[in-house]
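Dear colleague,

Please find below the structure that I am handing over to you. My notes on it follow directly after it.

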Amino acid sequence: MTHTNEVSRRLSEELARSVTGPVLLPDDAGYARESAGFQLGLRHRPDLVVGARNAADVRTVLRRAAAYGLPVTVHSTGHGMRASAEGGVLLTLRRLNAVAVDPVAATARVGGGATWDDVIAATAPHGLVPPSGSLGSVGAVGYTFGGGLGLLARSDGWACDHVRSYTVVTGDDEEREVGPGDGERFARLRGSGPVPGEVVTEMTVGLLPEGPLQGGGLAFDLGAADATGDPTPLHAFHEWTLGLPPELTSALRVMAFPALDVLPPHLRGRRIARVAVSLRGSAEDAEELVAPLRKAAPPVEDTLAPMRFAEYARVHAEPDGAGAFIGENLLADTLSPTALGTLAGPGGSQMVIMNVRHLGGALARPAAVPDTVTGRDARYLVAALSQVDPDISVPAPAQAHAQAGPARWLEPFAPDRVGVSPAFRMGPGTA
Ligand SMILES: Cc1cc2nc3c(=O)[nH]c(=O)nc-3n(C[C@H](O)[C@H](O)[C@H](O)COP(=O)(O)OP(=O)(O)OC[C@H]3O[C@@H](n4cnc5c(N)ncnc54)[C@H](O)[C@@H]3O)c2cc1C
């Protein structure tokens with residue numbers, strides 16, 4: 001037995017007696033399942049994985065791992081992991097998923113591993129909504145570390161603007177409520193996230209009134225997936241965003257669909273531009289605001305309709321299954337028509353899903369309490385997401401990056417770059 005194995009075996013025996021969650025060594029059943037997260041391009045191989053059930057478990061693991069000299073890596077859902085946990089202790093937070101709503105104060109206390117779906121389920125009965133994003137399986141706390149670009153971002157601002165405090169635990173047995181009075185530390189957590197050894201066991205976040213909402217997507221056919229397409233809907237999206245009120249949040253997604261029988265005929269083998277729309281307002285407001293888009297080109301799919309916030313998934317209509325993927329992005333102050341046109345080019349976005357999120361509105365507000373968010377001065381976030389082969393990406397992240405090449409698809413937009421969002425840098429090789 002190696003020295004490391006002996007150390008981790010002793011630590012595992014100690015932790016098995018003192019924590020309530022599972023404590024698993026590599027040969028134990030359930031080790032791989034406990035270690036895995038949403039990002040399948042990273043196969044974590046810690047010496048020991050511990051699933052925390054409560055804040056006391058987190059404190060114990062951090063304290064004892066420090067005493068044994070073992071590093072601790074943390075994930076809640078694994079959506080945002082950028083490197084594999086190799087050796088040391090992997091602490092999983094998915095069981096810290098309690099959510100307690102105070103409907104009078106319009107706040108929620110959210111466990112460090114709760115997903116936005118957990119939060120939405122708790123807030124919906126009170127007619128309140130959290131500043132969550134396109135996908136409910138993302139961890140609520142981890143999302144705020146990158147600022148948090150929500151479904152209602154342009155009307156309600158960055159998710160981290162709504163964070164009132166974090167409960168932070170560290171290896172030296174400190175447990176502290178970190179809030180606006182904590183200067184640099186609170187600013188760093190909201191926009192950059194924790195430093196190694198800091199774990200957030202709970203967050204208090206402000207909630208917003210639900211109010212009338214419209215949401216859905218308009219899909220436009222740019223042409224055959226393997227040919228030069230018609231960029232008219234892309235330019236129409238750009239011009240449309242220049243005159244929108246902050247109540248309307250939108251995003252453009254361009255992807256080429258394979259010619260597979262399982263797909264609906266209007267998507268099969270086509271390059272599709274889909275505009276996701278969410279609006280704080282009435283159905284009449286939606287009709288009026290979206291009219292220029294519908295006029296520019298006939299949509300092949302149009303699902304915009306009144307919705308409850310809990311139906312958020314219809315807005316971005318993203319698949320919600322774990323996968324191996326790499327995401328890169330840039331923040332831009334303008335969208336050049338030439339760069340946009342490349343998304344309709346042959347092979348322009350094949351194998352890569354391009355997303356353009358419209359920023360501005362409340363996202364451009366100066367922070368009431370200092371933070372480290374990048375993007376307040378940007379007008380658009382342009383993100384490229386590529387699926388990668390997990391068998392390549394696990395042993396060789398650099399190779400996975402070359403294979404997927406998301407950065408290449410961002411090149412035409414580079415002259416207008418004003419920054420990069422840490423939240424949309426995803427997967428192996430992006431750490
Ligand atoms: C499909 C998809 C859709 C997305 N949509 C959006 C969107 O609409 N808007 C947006 O802003 N972002 C979005 N993101 C980005 C997402 O916010 C980031 O990937 C974020 O890091 C995910 O946090 P997580 O806790 O789920 O992931 P994890 O991988 O579990 O955590 C991410 C990082 O935060 C750390 N961490 C997480 N929780 C804690 C904690 N409690 N204490 C200490 N450290 C912690 C982890 O150690 C890790 O380094 C999306 C990502 C994906 C994959």
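Is R45 buried, partly exposed or exposed? R45 is partly exposed, because its relative accessible area is 42%; buried means under 20% relative accessible area, exposed means over 50%, and partly exposed lies in between (1.4 Å probe, protein chains only).

Please note that this is a predicted model, in which local features need pLDDT of at least 70 and side-chain atom pairs count only at pLDDT 80 or more, while totals for chains, interfaces and linings use all residues. Residues are numbered from 1 along each chain as its sequence is written, and side-chain values use heavy atoms, with hydrogens and water left out.

Salt bridges

The count of salt bridges comes to 22, a salt bridge being a side-chain nitrogen of Lys or Arg within 4 Å of a carboxyl oxygen of Asp or Glu. One of them joins the side chains of R45 and E86, at 3.2 Å from N to O. This pair links distant parts of the chain: R45 sits in the loop between α2 (31-35) and β2 (48-51), E86 sits in the loop between β3 (72-75) and β4 (89-92), and the two are 41 residues apart. Helices (H or I, at least four residues) and strands (E, at least two) are DSSP runs, numbered from the N terminus. E86 counts as partly exposed because its relative accessibility is 49%.

R425 and E328 also meet through their side chains in a salt bridge, at 3.1 Å from N to O. Here, too, distant parts of the chain are linked, with R425 in the segment after β20 (417-419) and E328 in strand β17 (residues 325-332), 97 residues apart. R425 is partly exposed at 24% relative accessibility, whereas E328 is buried at 9%.

The salt bridge between E13 and R9 has its closest N and O atoms 2.5 Å apart. The two residues are four apart in helix α1 (residues 3-18), so about one helical turn separates them. E13 is partly exposed at 38% relative accessibility, and R9 is partly exposed with a relative accessible area of 26%.

The interior

The largest nonpolar core holds 39 residues, of which V110, W116, L149, Y166, M203 and L359 touch the most other members. Such a core is a set of buried Ala, Val, Leu, Ile, Met, Phe, Trp, Tyr and Cys residues joined through side-chain atoms within 4.5 Å. Among the elements that each supply at least two residues of this core are β6 (107-111), α4 (116-123), β8 (163-170) and β10 (198-206). Its largest share, four residues, comes from α5.

Helix α8 (residues 232-241) is mostly covered, with seven of its 10 residues buried. These buried residues are P233, L234, A236, F237, H238, W240 and T241.

Other positions

A124 lies in the loop between α4 and β7 (128-129) and is partly exposed, with a relative accessible area of 31%. A124 and P209 are 85 residues apart in sequence, and their C-alpha atoms are 9.9 Å apart in space.

D285 belongs to helix α9 (residues 283-296) and is partly exposed at 35% relative accessibility.

With kind regards
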